[in-house]
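Q: I'm new to this one, could you walk me through it?
A: Gladly; let's bring it up and take it topic by topic.

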Amino acid sequence: MPLKVLTGQLINVYLGSNKIGDIDLNLNPFYLFVGSIEFSINILSDELEINGRVNQSILGTTSFKKIDFKIDALNSFIKGKPMPQALSSLNGRIEYFKFNNNGCISASGTATGEVIDVLGIFRRNLSILADIECVEADLMINFYSQKEGALEGEIIISPDYRYVLEARSKSLTSKIKEITKLNINQTPTIRSSGSIIDLLESL
């Protein structure tokens, strides 16, 4: 007798105070015989679309496979009023991302996004490209603008869910030189760090 795929749904899922939406789950029972649980997931809301596969092994390894995602109009809210974020859209695909309690094991994926020039530094919105990789136990997200030198940097996420973000911009350096009349020979680095959980909840 063929094995049947088991289906279910989670209604009104939230990340912190942000509504994720409904999540459709399909359990493939075949993976139970090889020591793991694997779900196909589908998330659909007004601003978020994600589908792919998630696997959890009895050895404690979690894997995301062929995850396609689309995020639009990222907003934060102050006193109930939407405030536009610098990142307005993000689209991409995670081919695979495998990790356990010790950290990142393997990762591959790419994404594109749009950064809104809220400060008037770049004179236009920027198209951003990104990719992911494991660097020892950390997950590294490399990002860079299609316009060379406008914006580039890295986000490093450690196994304890802390992140360090570093960004560099030749356009910002030129703007500082123009305003201050200083002779700056190196491109300054903007650095931020904190909890990745808090960062996701603030989006």
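A: Before the first topic, a definition: surface patches are made of residues with over 30% relative accessible area and no salt bridge, and nonpolar side chains are joined within 5 Å. Please also keep in mind that this is a predicted model.

Q: OK, so which residues form a nonpolar patch on the surface?
A: The patch is made up of F30, L32, F33, V34 and I37, and together these residues have about 530 Å² of accessible area.

Q: Where does V34 lie, and is V34 buried or exposed?
A: V34 sits in the loop between β2, residues 18-27, and β3, residues 36-44. With a relative accessible area of 54%, V34 is exposed, because exposed means over 50%.

Q: And what about F30?
A: F30 has a relative accessibility of 47%, and F30 therefore counts as partly exposed.

Q: How many bridges join β3 to β4?
A: Nine bridges join them, with β3 and β4 (residues 48-57) running antiparallel, and here N42 has N51 in β4 as its bridge partner.

Q: Is C104 buried or exposed? And C134, while we're there?
A: C104 counts as buried, at 11% relative accessibility, whereas C134 is partly exposed, with a relative accessible area of 23%.

Q: Now the aromatics: how many aromatic pairs are there?
A: The count comes to four aromatic pairs. In one of these, the rings of F30 and Y31 have their centres 5.5 Å apart and their planes at 80°, so this pair is edge-to-face. Another aromatic pair, F64 and F97, is stacked, at 6.2 Å centre to centre and with 15° between the planes.

Q: Which strands hold F64 and F97?
A: F64 lies in strand β5 (residues 62-72) and F97 in strand β8 (residues 87-100), so the pair ties together parts that are 33 residues apart in sequence. F64 counts as partly exposed at 26% relative accessibility, while F97 is buried, with a relative accessible area of 16%. One aromatic cluster is formed by F64, F97 and F99.

Q: Last topic, what is the phi of N12?
A: N12 has a positive phi of about 50°, although N12 is not a glycine. Most residues other than glycine have a negative phi. N12 is placed in strand β1, residues 6-15, and at 41% relative accessibility N12 counts as partly exposed.

Q: And E136, where is that found?
A: E136 is found in the loop between β10 and β11 (138-145). E136 has a positive phi of about 55° although it is not a glycine, and at 75% relative accessibility E136 counts as exposed.

Key: Residues are numbered from 1 along each chain as its sequence is written. This is a predicted model: local features need pLDDT of at least 70, side-chain atom pairs count only at pLDDT 80 or more; totals for chains, interfaces and linings use all residues. Side-chain values use heavy atoms; hydrogens and water are left out. Patches are made of residues with over 30% relative accessible area and no salt bridge: like charges are joined within 9 Å, nonpolar side chains (Val, Leu, Ile, Met, Phe, Trp, Tyr) within 5 Å. Accessible areas come from the Shrake-Rupley method with a 1.4 Å probe; for residues, only the protein chains shown count as cover. A salt bridge is a side-chain nitrogen of Lys or Arg within 4 Å of a carboxyl oxygen of Asp or Glu. Helices (H or I, at least four residues) and strands (E, at least two) are DSSP runs, numbered from the N terminus. Buried means under 20% relative accessible area, exposed over 50%, partly exposed in between (1.4 Å probe, protein chains only). Two strands pair if DSSP finds at least two bridges between them. Rings of Phe, Tyr and Trp (its six-membered ring) pair if their centres lie within 6.5 Å; planes under 30 degrees apart count as stacked, over 60 as edge-to-face and the rest as tilted.
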